[in-house]
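Please open the model in your viewer and keep the selection tool at hand. The stops below say what to select next and what is to be found there.

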Amino acid sequence: MAIKQILNAFNLTPGTVVRSERHVLLELANFADGKKGATTDTCYPGIETLAERTGYSEVTVSRAIKKLVEKGLVTKHRRFNTSNFYKVNIPEKEKHTRVC
């Protein structure tokens with residue numbers, strides 16, 4: 001369920017990610033909803049789609065994904081002639097804090 005990944009993203013330790021990384025991570029978590037036969041931690045949005053949804057440039061989104069991969073929060077798999085495939089690896093906390 002996307003909501004679980006989104007809550008995990010909100011509950012990351014402060015300083016783990018910068019603003020652009022968090023926005024991209026939240027969008028990836030939102031896309032990782034298990035639709036179209038995917039598991040709830042995988043998704044495959046294009047860079048253009050992520051840029052449009054976050055309001056960041058494609059370059060900023062690409063940099064954010066690179067940093068998220070380096071931090072182990074996302075695994076990126078290249079696919080031939082289509083968008084990349086992402087696995088969201090946000091660690092789960094025992095207790096979720098209230099988001100709103």
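Begin by selecting Asp41 and Lys87, whose side chains meet in a salt bridge with 3.2 Å from N to O, a salt bridge being a side-chain nitrogen of Lys or Arg within 4 Å of a carboxyl oxygen of Asp or Glu. Asp41 lies in the loop between H2 and strand E1 (42-43) and Lys87 in strand E3 (residues 85-88), so the pair ties together parts that are 46 residues apart in sequence. Helices (H or I, at least four residues) and strands (E, at least two) are DSSP runs, numbered from the N terminus. Asp41 is buried, with a relative accessible area of 19%, while Lys87 is partly exposed at 31%; buried means under 20% relative accessible area, exposed over 50%, and partly exposed in between (1.4 Å probe, protein chains only).

Before moving on, note that this is a predicted model, in which local features need pLDDT of at least 70 and side-chain atom pairs count only at pLDDT 80 or more, whereas totals for chains, interfaces and linings use all residues. Residues are numbered from 1 along each chain as its sequence is written, and side-chain values use heavy atoms, with hydrogens and water left out.

**The whole chain**

Now zoom out and colour the chain by secondary structure, which comes to four helices and three strands. Followed from the N terminus, these elements run α-α-β-α-α-β-β. Of the 100 residues of the chain, 38% count as buried. Among contacts between residues at least 6 apart in sequence, 57% join residues at least 24 apart, where contact means heavy atoms within 4.5 Å.

**Glu27 and Arg53**

How many salt bridges does the count come to? The count is four, and another of them is found by selecting Arg53 together with Glu27, where the closest N and O atoms are 3.2 Å apart. This pair links distant parts of the chain, with Arg53 in helix H3 (residues 47-54) and Glu27 in helix H2 (residues 19-31), 26 residues apart. Is Glu27 buried or exposed? Glu27 is buried, its relative accessible area being 15%, whereas Arg53 is partly exposed, with a relative accessible area of 42%.

Keep Glu27 selected and show what surrounds this residue: leaving aside its neighbours within four places in sequence, Glu27 is in contact with Leu50, Arg53 and Thr54. A distance can also be drawn from Glu27 to Ala2, whose C-alpha atoms are separated by 9.8 Å although the two residues are 25 residues apart along the chain.

**H2 against H3**

Two packed helices are described by the angle between their axes and the distance between the axes. Select H2 and H3, whose axes come within 10 Å and cross at roughly 115°; axes are lines fitted to C-alpha atoms, for helices over the stretch in contact, and angles run from 0 to 180 degrees between N-to-C directions. That makes H2 roughly perpendicular to H3, a description that covers angles of 65 to 115 degrees. To see the contact itself, display His23, Val24, Glu27, Leu28, Asn30 and Phe31 of H2 with Thr49, Leu50, Arg53 and Thr54 of H3. By class, this contact of H2 with H3 has four nonpolar, four polar and two charged residues, where Ala, Val, Leu, Ile, Met, Phe, Trp, Tyr, Cys and Pro count as nonpolar, Asp, Glu, Lys and Arg as charged, and the others, Gly among them, as polar.

Pick out Ser20, which has its place in helix H2 and counts as buried at 16% relative accessibility. Not counting residues up to four places away in sequence, Ser20 touches Tyr56, Thr60 and Ala64.

**Last stop: Lys67 and Glu70**

Finally, select Lys67 and Glu70, which form a salt bridge with the closest N and O atoms 3.8 Å apart. Being three residues apart in helix H4 (residues 58-70), Lys67 and Glu70 are separated by about one helical turn. Lys67 counts as partly exposed at 41% relative accessibility, and Glu70 is exposed, with a relative accessible area of 53%.

Definitions and conventions: Angles under 35 degrees count as roughly parallel, over 145 as roughly antiparallel, 65 to 115 as roughly perpendicular and the rest as oblique.
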